[in-house]
Amino acid sequence: MSSLTNDLAGCSSFSRRSFLRTASAAAVSIPILTEAHFARASAMGAAGVPEFSMSGIYLDANENPLGPSENARKAIADIIPNGGRYAPPLYFNVIKLYAEQMGVPGDHVMIYDGSSPPLHYASLAFTSPSRSFVCGNPTYEAGQRAAELAGAKINAVPLAKDYSHDVAAMVKADPNAGLIYICNPNNPTGTVTSKEQIDYAVANKPAGAVLLIDEAYIHLSDATSAIDHVKAGKDVIILRTFSKIYGMAGIRCGFAIGRPDLLKKLEHYGQSPMPITGMIAAQASLMDTDLVPTRKKLIADTRNKTFAWLKANNYSFIPSESNCFMIDVKRPGPQIRGLMAKDDVHIGRSWAAWPTYVRVTVGLPAEMEAFQTSFEKAMDTPATAFNEAPLRHMLRNGIYS
Ligand code: PLP
């Protein structure tokens, strides 16, 4: 292992304080709210300069380049003249429609401007200095960061050999666990934890712990939802977002689904005054029965074509069922990321647990062709050509995730 790889392996995950320090040095200060903020913040560290451009190819934040569906776009356009209204009936209608489609009573559903708010609130509500946060490793970090704010201990349990969550180890991690977070499919690996494993977690979790099942990417995979546990009244909250298959990351809509007494605990931390554009686009998307299967196939086809290319070129990657996947670049991931950024191809970050892996979001077919060209070029660059200085600066300051 090189000394840099050691640095990478040993460094702690991204530190908000150090990011804000760097951000203010660049006269920009943004909070970490969603995946895109994690992506851009870690890119700032790699490049040393904040670039918030919309040009270039962005495969770094698990966004959906297809954007909102045609029906959702039309619904947004049609409602704009009513933008001066709060439109409470729309609020209740969307919740009602979603509850009906999920097969739960209306009081089991809360609407938010994405799934980041309920992820943050649930982590605050169910963890504390005496109730820990349990998660996979690597996984999406937002819940862990909120739990840290609550003063909770973090039990990050390595993924199993097949890259599913090691639920047996997770439920045993701490008898005083407050929240067990399972991301299914997982971000960043795109891998699925089976329904049997989720059932095991529900049956064997410590008393008083709540299971938070983040199903942000479920429509992209064949994973089975854990919604039956909500219907059965278990200590389970499910998170869903319209940011992924529905292509509404910038429009915003998401849901938490759980027992009313569990959802009530989230209210203490805040709610989302919903934009009518987000609600009407969500409603139009939910009524469009072709949307999910069509997009699932489109994204899977592009992903599988990329996998065929990676395989043919002997690159090692983790087979994913989602719109992101990880490649082992066999050197510090940010080096490849930094080189590709020079081609204006922006891939995702690495995780401290796996410093030689980078996460790549599945883009449009043409974007994935540009990815291949740039990735191959970066991988063919001799290691001596890498300038490790910015990376070392980034690692020493904890700017890495
Ligand atoms: N959960 C996971 C696993 C994610 O990857 C993301 C974003 O990428 C979110 C939640 C939050 O998404 P949003 O707030 O856009 O709904």
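The model is predicted, and its chain contains 16 helices and twelve strands. Of the 401 residues in the chain, 58% are buried, and the accessible surface comes to about 16600 Å², with 55% of that area belonging to carbon and sulfur atoms. Among contacts between residues at least 6 apart in sequence, 73% join residues that are at least 24 apart.

**Ligand surroundings**

- The ligand is surrounded by 16 residues, and the closest of these are Ser116, Asp214, Tyr217, Thr241 and Ser243.
- By residue type, the shell around the ligand divides into five nonpolar, seven polar and four charged residues.
- A nitrogen atom of the ligand lies 2.6 Å from a polar side-chain atom of aspartate 214, and the protein as a whole covers 99% of the 390 Å² of accessible area that the ligand has on its own.

- Strand β3 (residues 132-137) is largely enclosed by the rest of the structure, because five of its six residues are buried.
- On one hand β3 runs parallel to β4, to which it is joined by five bridges, and within this pairing glycine 136 stands opposite valine 157 of β4.
- β3 also runs parallel to strand β5 (residues 177-183), here with four bridges, and cysteine 135 stands opposite tyrosine 181 of β5.
- In a regular strand the side chains alternate between the two faces of the sheet.
- In strand β4 (residues 154-158), Asn155 and Val157 form the covered face, while Ile154, Ala156 and Pro158 form the uncovered one.

**Antiparallel pair β2 and β8**

- Strand β2 (109-112) is covered on both faces, with Val109 and Ile111 on one side and Met110 and Tyr112 on the other, all of them buried.
- Its partner is strand β8 (residues 254-257), which runs antiparallel to β2 and is joined to β2 by four bridges.
- Within this pairing, methionine 110 has alanine 256 of β8 as its bridge partner.

**The open sheet β9-β10-β12**

- Three strands form an open sheet in the order β9-β10-β12, and their pairing is antiparallel.
- β9 (316-317) and β12 (357-361) stand at the edges, and since each has a single partner strand, one side of each is left without a neighbour in the sheet.
- β9 pairs with strand β10 (residues 324-328) in the antiparallel sense over two bridges, and serine 316 has aspartate 328 of β10 as its bridge partner.
- Strands of a sheet pair through backbone hydrogen bonds, either parallel or antiparallel.

**Histidine 108**

- Histidine 108 belongs to the loop between α5 (88-102) and β2 (109-112).
- Histidine 108 counts as buried because its relative accessible area is 13%, which is under the 20% cut-off.
- The side chain of histidine 108 makes a polar contact, at 2.8 Å, with the side chain of aspartate 107.
- When its neighbours within four places in sequence are left aside, histidine 108 is in contact with Val230, Ala256, Ile257, Gly258, Arg259, Pro260 and Leu263; among them, Ala256 is also the residue of β8 that is the bridge partner of methionine 110.

**Glutamine 335**

- Glutamine 335 lies in helix α14 (residues 333-341).
- With a relative accessibility of 7%, glutamine 335 counts as buried, because buried means under 20%.
- The C-alpha atom of glutamine 335 is separated by 9.6 Å from that of methionine 379, a residue that is 44 residues away along the chain.

Key: Residues numbered from 1 in each chain as written. Predicted model: local features only at pLDDT ≥ 70, side-chain atom pairs only at ≥ 80, totals over all residues. Heavy atoms only, no water. Near = heavy atom within 4 Å. Polar contact = N/O pair within 3.5 Å; in protein donor to acceptor, adjacent residues only side chain to side chain. Areas by Shrake-Rupley, 256 points an atom, 1.4 Å probe, with all protein chains shown as cover. Nonpolar A, V, L, I, M, F, W, Y, C, P; charged D, E, K, R; others polar. Buried < 20%, exposed > 50% of the residue type's maximum accessible area, 1.4 Å probe, protein only. Contact = heavy atoms within 4.5 Å. Pairing = 2+ DSSP bridges.
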